[in-house]
Amino acid sequence: MDSFSPPKGNVTFLFTDIEGSTGLWEIHEEKMQAALAGHDALLRRIITGHGGYVFKTVGDAFCAAFSSALAAIAAAIDIQRELGNAPSQDLQLQVRAALHTGVAEERDGDYFGPNVNRVARLLIGSGGQVLMSLATQALVANSLPKQIGLLDLGSHYLKDLREPEHVFQLTHAQLPIDFPPLKSLDAMPNNLPAQLTSFIGRKDMLRTIKERLMTARLLTLTGAGGGGKTRLALQTAANQIERFEHGVWLVELAETVDSKLTAQTTASVLRVREQPGCTVEESLVDFIRPRSILILLDNCEHLAESCARLSEVLLRSCPHLKILATSRAALGVGGENIQVVPPLELPDLVRLPSGDQNEINLAMRSEASRLFCERATAVNPSFIVSANNANAIIDICRRLDGNPFAIELAAARVRVLSAEQIAARLGDRFRLLAGSQRESDIPRQQTLRAMIDWSYDLLTAQEQTLLTRLSIFSGGWTLDAAEAVCADDAIDRDEILDVLAQLVEKSLTFAEERHGAARYRMLETVREYAREKLAASGESADLALRHASLFLQWAHEAEAHLLGDNQAEWLRMMDSECDNLRSALAWFGQSQLHVRDSLQMSSSLWRFWTIRSYLKEGRGWLSSALRQAEHSNGDWPVERAKALTAAGSLAWSQGDYLAARGQFEESLALRRSLSDGQGVADMLNNLGNVATDMGDYSAARPLVEESLAFMRAEGDMEGIAAALSNLARILLCQEDFEEARARYEESLRLDQKRGDDWGVANSLCGLSQVEIRLGEYAAARSRLRESLTLRQLVADQEGIVECLEVYAEFAAAQNQAVRTVCMLTAARRAREILGAPSPPMIRAIYDAMMIAQHNSLSEKDFAEAIAQGNALTIEGAAVLCLEMIGNGADRPTFS
């Protein structure tokens with residue numbers, strides 16, 4: 001077999017590692033370096049010599065795969081023989097080995113799946129020993145050479161495996177036969193329960209906890225209820241079992257109600273009797289002091305004070321003791337180390353772009369989706385992931401916040417519902433997941449509602465009140481927002497921070513730093529629970545009004561900043577508050593009492609929606625507000641005129657020119673009736689834009705020039721810059737390049753003076769087009785690079801797409817056909833995604849350009865360029881475009 005080809009199908013795995021390598025490094029560092037190099041060379045030579053494939057090395061561990069079990073056995077024997085015959089003056093390395101056979105998923109030269117996990121867990125022997133699973137033994141039992149034998153070592157429980165493994169030892173005349181007992185869970189003192197399900201994911205977290213336990217005496221795992229703290233702690237304890245000579249002991253406190261019984265419960269687990277004349281704590285100290293022990297205190301939140309007190313007493317007096325605790329809040333002991341347990345890793349995509357199998361496989365690799373699929377298969381063996389249900393699985397995992405407990409409850413419903421049906425019913429998740437009870441003796445660990453009830457009941461009255469009020473926010477909140485919306489006589493504004501800090505401490509809300517400021521959020525399941533409590537409290541309407549009013553005011557403030565120095569910062573803040581803005585708009589839209597608010601708020605957000613290409617959504621909100629105004633008794637001409645302008649602007653960006661023109665004309669009429677000269681000039685400018693994109697330059701130019709004249713007379717710098725840029729675009733279309741350049745340059749100077757990055761990027765892009773037409777390619781390159789960089793800064797997606805198109809024009813002028821086709825394709829696909837088509841006249845130019853490049857390329861090169869362009873995201877295309885701007889070669893390096 002080609003030793004560089006990973007074997008397929010039924011594979012025999014050979015895993016090895018060096019016993020006691022950590023100690024050897026500490027004592028013989030220099031010798032160990034040479035010995036390890038020799039070890040690696042020896043193993044690689046023997047494995048490949050027997051037709052094996054080394055697919056991974058981790059430290060001193062080797063992971064190899066063989067298509068033949070007998071070849072793997074021969075390699076294992078040769079490894080032990082040659083290591084045993086090493087010169088006596090060399091550092092003697094004791095290598096243990098394990099063999100197991102089964103099917104595994106091979107991907108990019110690596111292997112994944114339960115069989116890989118099983119052989120890794122089978123490394124429980126001693127140096128010089130080779131162990132074998134029952135699967136491999138059954139395969140080779142009747143075909144082993146006479147000099148090779150098998151010694152039955154019986155069944156053993158291995159870390160993280162549900163079923164015990166029947167273990168055999170490989171024997172050979174030239175290998176030792178007597179070894180110490182296997183280091184399986186059975187052989188080590190412990191009371192860890194056998195797990196009925198597999199442990200999924202959390203590799204990085206397990207590694208982190210292991211490293212922290214090397215130095216920490218007390219490590220507390222904190223996090224939301226159902227977040228997997230207990231299972232993670234149990235897995236950690238099982239992995240650490242060899243470190244503690246006198247055992248790893250689980251103390252389950254969930255059902256211990258009386259705090260006075262914390263020490264007694266711990267003593268019962270360790271079988272420690274209260275000695276005459278001593279307290280239980282003193283008896284525990286006497287027992288533990290000389291021993292190396294890990295105690296796992298599980299579910300401490302309701303006994304935090306007694307757990308803290310016991311931990312402090314034991315750790316102060318027992319030098320070899322370590323405590324691993326799980327709690328929804330820290331214990332508050334001096335020297336306590338805290339490790340927050342995050343939700344499971346979620347699929348990267350919110351929705352799969354297509355039903356491509358590679359996309360499905362990638363999405364199903366996330367920890368959350370793997371958990372759902374494995375548990376679903378356990379209750380319904382016919383369950384399979386397909387293009388039909390993959391998006392539903394992603395939706396379930398995301399809407400359940402990656403919470404393992406909730407995901408397991410949802411997966412249990414696969415007995416009677418499809419994944420699509422489960423996703424559709426998650427709007428009432430507490431009812432949906434109430435009947436699918438988990439196998440647990442603890443009531444609060446059986447249903448989703450019971451789990452959150454437990455946390456809620458442990459809160460103070462103020463904490464409960466704030467939690468329910470915070471549920472009014474969507475997508476998170478800032479401290480300022482919480483103070484503005486949630487404070488009243490029950491909770492003073494000055495108390496909000498302290499109470500919020502307690503909710504964070506108790507894992508019911510989370511604090512995250514974003515751009516130098518704290519932002520808070522709660523898991524969606526907790527939020528839905530709190531919203532129910534809020535509805536029952538009778539405070540919903542008042543809180544909703546306060547929330548909507550706050551974000552109406554905030555939207556007004558944001559609008560003013562989207563054309564100034566802090567544009568990028570405000571865009572980031574608006575991204576963070578997007579869900580809150582939507583909630584406020586929806587609430588205003590429900591009542592005829594808030595028509596004016598609805599018009600004002602939707603109008604204030606149009607530029608944000610334009611920059612972020614939320615065009616369809618923005619038009620929807622504006623249309624709703626305008627319909628609401630039509631059916632009301634009020635008039636609100638000023639607010640309606642502004643809303644019509646905003647709606648027309650979004651329609652124009654979407655290429656809906658007739659709708660845009662109609663809305664601009666209606667707004668123009670209102671502004672004339674109000675004697676609003678500024679507004680009239682704005683509408684003339686906008687109507688000029690529509691005429692330009694419809695190819696009617698003779699109509700467009702006088703409209704924009706009239707607008708410009710008014711703006712100059714009023715000294716309106718923003719209006720002058722906008723009109724100049726629009727006039728320059730008309731002149732560019734009319735091929736009056738020098739005049740277009742002059743207008744763009746004047747607009748650029750004004751926008752730079754005002755700190756309007758969006759306007760600066762627009763003028764720079766226009767100047768680049770002018771310079772391309774004039775053959776001034778060095779200047780065009782520089783302008784385009786600066787424009788694209790600015791548009792990346794403010795995440796102006798349609799602006800980025802425009803830069804891609806201008807670069808395609810630049811590349812075509814440089815006879816760089818591959819680049820031209822790639823960028824035009826990426827831009828076309830992006831416009832389809834954004835719902836923002838090019839104007840018909842511009843689209844015709846780019847279509848002709850594509851045809852010309854097609855004619856200059858072979859079919860293969862053209863097809864490859866199209867494929868590369870279609871594979872790019874908008875962000876990826878922008879990065880690649882910047883790379884190509886600085887690189888003259890025609891063929892870009894695609895990653």
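## Basis of the model

Residues are numbered from 1 along each chain as its sequence is written, and side-chain values use heavy atoms, with hydrogens and water left out. In this predicted model, local features need pLDDT of at least 70 and side-chain atom pairs count only at pLDDT 80 or more, while totals for chains, interfaces and linings use all residues.

## The chain as a whole

The chain holds 40 helices and 16 strands. Helices (H or I, at least four residues) and strands (E, at least two) are DSSP runs, numbered from the N terminus. The C-alpha trace spans about 100 × 75 × 55 Å along its principal axes.

Of the 895 residues, 54% count as buried. Buried means under 20% relative accessible area, exposed means over 50%, and partly exposed lies in between (1.4 Å probe, protein chains only). Take the contacts between residues at least 6 apart in sequence: 71% of them join residues at least 24 apart. Contact means heavy atoms within 4.5 Å.

An open sheet is formed by 7 strands in the order 2-3-1-4-7-9-8, with mixed pairing. Two strands pair if DSSP finds at least two bridges between them. Strand 2 (53–58) and strand 8 (148–156) stand at the edges with a single partner strand each, so one side of each has no neighbour in the sheet. Neighbouring strands are turned by 25° against each other on average, direction ignored. Axes are lines fitted to C-alpha atoms, for helices over the stretch in contact, and angles run from 0 to 180 degrees between N-to-C directions.

Strand 2 pairs with strand 3 (residues 61–66) in the antiparallel sense, over 5 bridges. Val58 stands opposite Ala61 of strand 3. Helix 2 (residues 29–49) lies across strand 1 (10–18), strand 2, strand 3 and strand 4 (95–103), and runs at about 5° to strand 3. Helix 3 (residues 69–84) also packs on the sheet. Helix 3 touches strand 1, strand 3, strand 4, strand 7 (130–133), strand 8 and strand 9 (165–172), and its direction makes about 175° with that of strand 4.

Strand 10 (residues 218–222) is mostly covered, with 5 of its 5 residues buried. Leu218, Thr220 and Thr222 lie on one side. Leu219 and Leu221 lie on the other.

Strand 10 has parallel pairings with strand 13 (residues 321–327), over 5 bridges, and with strand 14 (residues 337–340), over 4 bridges. Leu221 stands opposite Thr326 in strand 13. Thr222 has Val340 of strand 14 as its bridge partner.

## Cavities

The structure holds 2 cavities of 30 Å³ or more. On a 1 Å grid over the protein atoms alone, a cavity is a set of points where a 1.4 Å probe fits but cannot get out; lining residues have an atom within 4 Å of a point. Grid points are joined across faces, edges and corners, and a volume is the space filled by probe spheres set on the points. The largest cavity holds about 100 Å³. Of its 16 lining residues, Gly225, Asn403, Met451, Ile452 and Val526 are the closest to its centre. Helix 17 (448–457) and helix 21 (524–537) are the elements that give two or more residues to this lining. Helix 17 gives the most, with 4 residues. The lining divides into 9 nonpolar, 5 polar and 2 charged residues. Ala, Val, Leu, Ile, Met, Phe, Trp, Tyr, Cys and Pro count as nonpolar, Asp, Glu, Lys and Arg as charged, and the others, Gly among them, as polar.

The second largest cavity has a volume of about 40 Å³. Among its lining residues are Cys578, Arg582, Trp609 and Trp621. Helix 24 (578–588), helix 26 (606–611) and helix 27 (615–630) each give two or more residues. Helix 24 has the largest share, 4 residues. This lining has 7 nonpolar, no polar and 2 charged residues.

## Single residues

Thr236 sits in helix 7 (residues 229–239). Thr236 is buried, at 2% relative accessible area. Leaving out residues up to four places away in sequence, Thr236 touches Leu206, Ile209, Leu213 and Leu324.

Asp401 lies in the loop between helix 13 (390–399) and helix 14 (404–412). Its phi is near 60°, positive in a residue other than glycine. Asp401 counts as buried, at 14% relative accessibility. Ser675 lies in the loop between helix 29 (657–673) and helix 30 (677–693). Its phi is near 55°, also a positive value in a residue other than glycine. Ser675 is exposed, with a relative accessible area of 66%.

How values were computed:
On a 1 Å grid over the protein atoms alone, a cavity is a set of points where a 1.4 Å probe fits but cannot get out, and a pocket is an open set with protein on both sides within 12 Å along at least five of seven lines; lining residues have an atom within 4 Å of a point.
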